[in-house]
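This report goes through one structure by topic. Please look at the sequence and the model below before reading on.

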Amino acid sequence: MITREQIGNVLDHAVLGEDGKKIGEAKHVYVDDATGRPEWMSVKTGMFGSSESFVPIRDATVVEDHTEVPYSKGRVKDAPRVDVDSGGHLSVDEEHRLYEYYGIDWDASWSQANQPGEGGWAHGGGTGPASAGGVAGAAGAAGTAGTGGTAGTAGAAGTAGAGGTTGAAGAAGAPGTADAAMKARRDTDDDAMTRSEERMHVGVERREAGRARLRKYVVTEEVQQTVPVRHEEVRVEREPITDANRDAAMSGPDIGEAEHEVVLHEERPVTETEAVPVERVRLTTEEHTEQETVHGTVRKERIAAEAEETDDGPHGKGPGPR
């Protein structure tokens, strides 16, 4: 349960759901006109904070710089839509619909608020917004009709808002039933009907779609190159004895054995490798814009007028649905 003293720690702060994920930010805290207790909190949700949903704070807890509620984000976003600018109050019907949506026993809440000796009804008199800067407490609601035909007790004085003043106590309710009091409140409402519809807001979010990386690895290739190589071969040359070489030919023994050796040479290929830089490679990104169609569903209310016929004939037909 959030107290009025904690309202300043709730407004414009994050609201976390039962799974610990952020639902949105609290924008308004609504207090009961009769008891001054905080009853509801409006939370800005949606991609751009364009929607405002109501969530009960009877089980909410303020933890440091955020508020925790026992509901999921989807549950809060799908809550019945209530116009937060419509007079600054929740009507009986609006609060009843919210109670039913969140599974809170309306009758049990009614009975608890109408115990004998207690002040005015805590749930039917309307719920108004409070702010951190201090909103004056509303006047105490009139006591509801007592159950079993007894007179209702006087409504409690409105609790002061943070920095506000205390509202005046409400007058005692007239005898009757609780249902009669609720009907009396409805009869005082405007007879106009509000038609609402949902609007779809489409935005974009940036997310990771994949990753690319550069990886350097080594491969071995066979290369081929032709190079000329030389080698020496033995060739026997014979020359006749002439006057020019006669002296050299006669210098040795007349007859005998002799031996002469010649060294042969050849060339062979020799290889070596060296690392040489050939290019620089890097990764860059570029954006491409595509048109994508988004489909969704929105709900719209339609209002149609119906006429009943009597013995004197029909009273007329109303306009069709809008």
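Which residue takes a positive phi in the hairpin of β2 and β3? In that hairpin, with 5 residues between the strands, Gly36 has a positive phi near 75 degrees.

## Basis of the description

The model is predicted: local features need pLDDT of at least 70, side-chain atom pairs count only at pLDDT 80 or more, and totals for chains, interfaces and linings use all residues. Residues are numbered from 1 along each chain as its sequence is written, and side-chain values use heavy atoms, with hydrogens and water left out.

Helices (H or I, at least four residues) and strands (E, at least two) are DSSP runs numbered from the N terminus. Buried stands for under 20% relative accessible area, exposed for over 50%, and partly exposed for what lies in between (1.4 Å probe, protein chains only).

## Paired strands

Strands count as paired if DSSP finds at least two bridges between them. β2 and β3 run antiparallel and are joined by 6 bridges; Glu25 has Lys44 in β3 as its bridge partner. β3 also pairs with β4, in the antiparallel sense and over 6 bridges. There, Val43 stands opposite Ser53 in β4.

β3 is mostly covered, with 7 of its 8 residues buried.

## The largest nonpolar core

A nonpolar core is a set of buried Ala, Val, Leu, Ile, Met, Phe, Trp, Tyr and Cys residues joined through side-chain atoms within 4.5 Å. The largest one here has 27 residues, of which Trp40, Met41, Val55, Val69 and Tyr102 touch the most other members. At least two residues of this core come from each of α1 (7-10), β2 (22-32), β3 (38-45), β4 (51-56) and α3 (92-101). β2 gives the largest share, 5 residues. In soluble globular proteins, nonpolar side chains tend to be buried together.

Contact means heavy atoms within 4.5 Å. Neighbours within four places in sequence aside, Tyr102 is in contact with Trp40, Phe54, Val55, Pro56, Tyr71, Arg75, Val76 and Ala79.

## Helix α3 and Glu94

The buried residues of α3 are Val92, Glu94, Glu95, His96, Leu98 and Tyr99. After α3 comes Gly103, with a positive phi near 70 degrees.

A polar atom of the Glu94 side chain lies 2.9 Å from the backbone nitrogen of Ser91.

## Salt bridges

A salt bridge is a side-chain nitrogen of Lys or Arg within 4 Å of a carboxyl oxygen of Asp or Glu. The whole structure has 12 of them. Side chains of opposite charge can pair when their charged atoms come close.

One network of salt bridges links Asp12, Lys22, Glu25 and Lys27. Within it, Lys27 and Glu25 have their closest N and O atoms 3.7 Å apart. Lys27 is partly exposed at 29% relative accessibility, and Glu25 is partly exposed with a relative accessible area of 29%.

Arg195 and Glu197 form another salt bridge, at 3.6 Å from N to O. Arg195 is partly exposed at 32%, and Glu197 is partly exposed at 30%. In the salt bridge of Glu208 with Arg211, the closest N and O atoms are 3.1 Å apart; both residues are exposed.

Conventions:
Polar contact = N/O pair within 3.5 Å; in protein donor to acceptor, adjacent residues only side chain to side chain.
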